[in-house]
Amino acid sequence: MSTVIEEPPIVGLCRWLKLLDEWATFYETDPKSERTPSREDLSAFDRAQSLYLLKERAIQTLYLSESPSVSLGILEGPTPKTRIWLCENCRNQARRGNLSPAEYAELSGGCAKCQREGLENDYYSLYVLNVDYGALGHWQFHTPVPIGQSYFPAPRSEAAPVVGRRPVDRQGKMTRLGQPISAANRRQYPEHSVVWHVWDAIKTLKAEIV
């Protein structure tokens with residue numbers, strides 16, 4: 001007589017959350033996603049954002065479980081540049097020098113009358129949530145620091161240390177960490193089914209936390 005071993009709630013949530021993340025990446029990156037049927041009349045961009053909001057709920061629940069299998073860290077991104085909007089005088093100077101406004105701003109830094117907008121240092125950094133359940137699986141989920149810091153510990157704190165840097169390509173551009181869901185998995189795991197299972201797994205894990 002075989003014994004059926006129930007899957008731990010964290011493992012179940014991670015399995016479905018991975019598929020949810022892949023669906024969101026598909027809507028965000030694949031032009032074909034605009035033609036993908038959905039139960040909601042939304043653009044691909046809005047569908048991606050809706051799934052990412054659910055992803056945030058899920059990874060917050062994973063962290064709040066305080067399971068020893070869950071750990072949090074930071075992948076540092078490049079330091080963002082200050083954006084400069086040239087004043088009229090500097091725009092004229094740029095034209096006289098046959099430079100674009102962006103080139104002139106980078107070379108001169110603008111003047112006191114130019115408008116500046118600085119992005120926070122961790123604008124491109126990511127929280128990375130690792131879930132290591134041994135033989136049952138290992139998962140890694142990411143969220144931008146400006147979004148995650150509303151519910152995660154402060155970056156570079158003891159609870160969220162730096163564990164690496166965001167990967168970049170040969171041109172120095174940041175590479176995407178998530179992968180879009182494959183055509184086979186889109187057929188096997190429809191979006192509405194994945195969303196339902198993620199919500200159900202969140203509810204199940206929250207019941208254990210309480």
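Biologist: Of the 210 residues of the chain, how many, as a percentage, count as buried?

Modeller: This is a predicted model, and burial is read from relative accessible area, with buried meaning under 20%. In this chain, 37% of the 210 residues count as buried. The accessible surface of the chain amounts to about 13200 Å², and carbon and sulfur atoms account for 51% of that surface.

Biologist: What radius of gyration does the chain have, and what would a compact globule of 210 residues have?

Modeller: The radius of gyration is taken over C-alpha atoms. The chain has 22 Å, whereas a compact globule of 210 residues would have a value near 17 Å.

Biologist: Which elements does the chain have, and in what order do they run?

Modeller: There are seven helices and six strands. Starting at the N terminus, the order is α-α-β-β-α-α-β-β-β-α-β-α-α. Considering contacts with a separation of 6 or more, 73% join residues 24 or more positions apart.

Biologist: Where does leucine 136 lie, and which residues is it in contact with beyond its neighbours in sequence?

Modeller: Leucine 136 is in the loop between strand E4 (126-132) and E5. Setting aside neighbours within four places in sequence, its contacts are Pro8, Val11 and Arg15. A related pair is leucine 136 and glutamate 7: 129 residues separate them in sequence, yet their C-alpha atoms are 8.8 Å apart in space.

Biologist: What volume does the largest pocket have, and which residues are closest to its centre?

Modeller: The largest pocket has a volume of about 700 Å³. It is lined by 23 residues, and those closest to the centre are Glu28, Tyr52, Leu126, Pro144 and Arg176.

Biologist: Which elements supply at least two residues each of that lining?

Modeller: They are helix H1 (9-29), helix H2 (44-64), strand E5 (138-144) and helix H5 (145-148). H2 gives the largest share, five residues.

Definitions and conventions:
Residues numbered from 1 in each chain as written. Predicted model: local features only at pLDDT ≥ 70, side-chain atom pairs only at ≥ 80, totals over all residues. Heavy atoms only, no water. 1 Å grid on protein atoms, 1.4 Å probe; cavity = no way out; pocket = protein on both sides within 12 Å on 5 of 7 lines; lining within 4 Å. Points joined across faces, edges and corners; volume = space filled by probe spheres on them. Helix = DSSP H or I, 4+ residues; strand = E, 2+ residues; numbered from the N terminus. Rg over C-alpha atoms; globule rule 2.2 N^0.38 Å. Buried < 20%, exposed > 50% of the residue type's maximum accessible area, 1.4 Å probe, protein only. Contact = heavy atoms within 4.5 Å. Areas by Shrake-Rupley, 256 points an atom, 1.4 Å probe, with all protein chains shown as cover.
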